[in-house]
Amino acid sequence: MKKLRVGILFGGRSGEHEVSLLSAASVLNAIDKEKYEVVPIGITKDGRWLTSEHAENLLTGKLVLEPRHLRAGDPETTPAAAVLAQGESVVVPPEPAHHENGLMPFQTDAAHLRRASDRAINVDVIFPVLHGTFGEDGTIQGLLELADIAYVGAGVLGSAAGMDKDIMKSLFIAAGIPIVKHVTILRSDWEKDAKKVERLVGGKLTYPVFVKPANLGSSVGISKAHNRKELGPAIEEAAKFDRKIVIEQGVGGKKEKAREIECSVLGNDDPVASVPGEIVPVKEFYDYNAKYLDEGSELIIPARLTKAQTKKVQELAVAAFKAVDCSGLARVDFLMDGKTQAIYLNEINTMPGFTSISMYPKLWAASGLEYSELIDRLIQLGLERHEDKKKNQYSR
């Protein structure tokens with residue numbers, strides 16, 4: 001029986017590039033090689049697509065490439081025509097339904113195109129282990145939709161809505177899901193009138209507040225502002241990463257700190273939730289360093305919750321999954337007020353950290369689904385979603 005060809009797509013241009021490499025290495029190590037033919041596909045920090053040995057070298061930190069002056073996808077750096085002429089991006093087959101599914105390099109003439117077909121990335125399904133911008137925000141999902149390739153995880157809408165914390169919160173509110181008080185500002189608003197923004201935040205929220213880029217993950221660019229003096233530097237930090245900035249009111253107090261609860265969701269139209277877990281960060285909050293660099297943060301699985309609290313977290317996690325039209329997988333994060341026990345939905349991550357020791361797979365392992373089995377289930381969900389889309393009619 002022919003093996004299913006699975007492309008593991010990793011790296012990317014986001015600030016979570018290194019996290020993606022860790023996730024991909026774990027998936028490549030655990031995936032069932034008897035069942036799947038695995039194709040590593042790497043994307044460098046400057047946007048180059050790599051396969052085979054180059055992709056493996058990117059994964060292990062041994063990649064050495066000649067420097068270049070063009071970056072695919074950076075229109076401010078070079079005209080689109082120049083990028084096309086250099087063959088430094090990818091293109092989908094013009095009629096995906098009549099060709100083998102795949103991605104091919106841009107070329108300048110028919111002869112080059114014929115030679116390029118031998119180097120096309122032909123796979124049955126892609127597992128995009130990409131986190132953050134250009135990977136978890138709907139952009140890569142749109143490319144795979146155009147190429148008519150099945151893929152793991154949320155579609156274009158679910159990915160985009162799950163990445164944008166401002167839009168995400170609007171959908172949660174519409175679904176009746178409890179969230180913390182927040183305001184959203186634009187970087188241009190801050191640059192035009194910083195004092196006005198400070199007054200807006202002070203009038204609507206109570207310090208301390210958390211300041212976040214609307215579109216990023218792994219706690220990159222997030223700061224905690226304890227007062228108005230700290231608000232400005234926090235906004236400046238977040239503004240480095242996105243034009244939209246979300247400012248959230250903190251939960252809990254000095255004595256009764258907020259508890260950070262997480263729950264994994266798996267499925268397509270009928271998703272299910274794992275047992276919840278709890279994170280006790282080594283730092284004041286679970287920032288990038290606490291997640292990936294500093295030792296001492298404690299993961300408690302299952303979380304120390306009552307049966308009623310566990311059920312509520314699981315129900316809210318599934319509701320959040322549906323609210324953003326997610327599919328495949330997501331990790332849903334909550335904040336619990338240490339004093340009132342009120343539970344607030346913080347955010348949803350449509351492509352969470354996926355190493356064997358990351359919270360998403362650990363929660364499923366505690367729920368009875370081991371890491372290799374989880375990978376297998378996610379691939380099947382991606383294929384099922386792709387087959388379901390084939391029922392759609394796109395013309396009259």
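This is a predicted model: local features need pLDDT of at least 70, side-chain atom pairs count only at pLDDT 80 or more; totals for chains, interfaces and linings use all residues.

User: How much of the chain counts as buried?

Analyst: Of its 396 residues, 50% count as buried. As for contacts with a separation of 6 or more, 65% of them are between residues 24 or more positions apart.

User: OK, on to packing. Which residues touch the most other members in the largest nonpolar core?

Analyst: That core has 29 residues, and the ones touching the most other members are Val6, Ile8, Phe127, Phe354, Ile375, Leu378 and Ile379. Two or more residues each come from β1 (4–11), α1 (17–30), α2 (52–60), β6 (125–128), α13 (359–366) and α14 (371–389).

User: And which element gives the most to this core?

Analyst: That would be α14, with six residues.

User: Where does this core lie relative to domain 1 and domain 2?

Analyst: Between them, because domain 1 (4–65 + 81–151) and domain 2 (162–178 + 256–389) both give residues to this core.

User: Let's zoom in on isoleucine 379. What does it touch, leaving out residues up to four places away in sequence?

Analyst: Isoleucine 379 touches Leu4, Val6, Ile31, Tyr36, Val125, Phe127 and Val152. Val6 and Phe127 also turn up among the core residues that touch the most other members.

User: What other core lies apart from the largest one?

Analyst: There's another core, of 25 residues, that includes Met168, Phe172, Ile177 and Met336. As background, nonpolar side chains tend to be buried together in soluble globular proteins.

User: Switching to rings. How many aromatic pairs are there, and which residues form a cluster?

Analyst: The count comes to three aromatic pairs. Phe127, Phe354, Tyr360 and Tyr371 form one aromatic cluster.

User: What about arginine 13, which ring does its charged end sit over?

Analyst: The ring of phenylalanine 134, with the charged end of arginine 13 4.4 Å from the ring centre.

User: Cysteines next. How many disulfides does the structure hold?

Analyst: Zero disulfides.

User: Are cysteine 263 and cysteine 326 buried or exposed?

Analyst: Cysteine 263 is buried, as its relative accessible area is 0%. Cysteine 326 has a relative accessible area of 6%, so this cysteine counts as buried too.

User: Now the backbone. Which peptide bonds to proline are cis?

Analyst: Proline 208 sits in the loop between α9 (194–204) and β9 (209–213). Another is the bond from isoleucine 301 to proline 302, where omega is near -5°. Proline 302 is in the loop between β15 (298–300) and α12 (307–323).

User: Which residues other than glycine have a positive phi?

Analyst: Aspartate 148 has phi near 60°, and phi of aspartate 325 is near 60°.

User: Where are they, and how accessible is each?

Analyst: Aspartate 148 lies in the loop between α5 (139–146) and β7 (150–151). Its relative accessible area is 23%, so aspartate 148 is partly exposed. Aspartate 325 is in the loop between α12 and β16 (328–336). With 49% relative accessibility, aspartate 325 counts as partly exposed, because exposed means over 50%.

Methods: Residues are numbered from 1 along each chain as its sequence is written. Side-chain values use heavy atoms; hydrogens and water are left out. Rings of Phe, Tyr and Trp (its six-membered ring) pair if their centres lie within 6.5 Å; planes under 30 degrees apart count as stacked, over 60 as edge-to-face and the rest as tilted. A charge sits over a ring if NZ of Lys or CZ of Arg is within 6 Å of the ring centre and within 35 degrees of the ring normal. A disulfide is a pair of cysteine sulfur atoms within 2.5 Å. Buried means under 20% relative accessible area, exposed over 50%, partly exposed in between (1.4 Å probe, protein chains only). A nonpolar core is a set of buried Ala, Val, Leu, Ile, Met, Phe, Trp, Tyr and Cys residues joined through side-chain atoms within 4.5 Å. Helices (H or I, at least four residues) and strands (E, at least two) are DSSP runs, numbered from the N terminus. Domain bounds come from an automatic or database domain assignment. Contact means heavy atoms within 4.5 Å.
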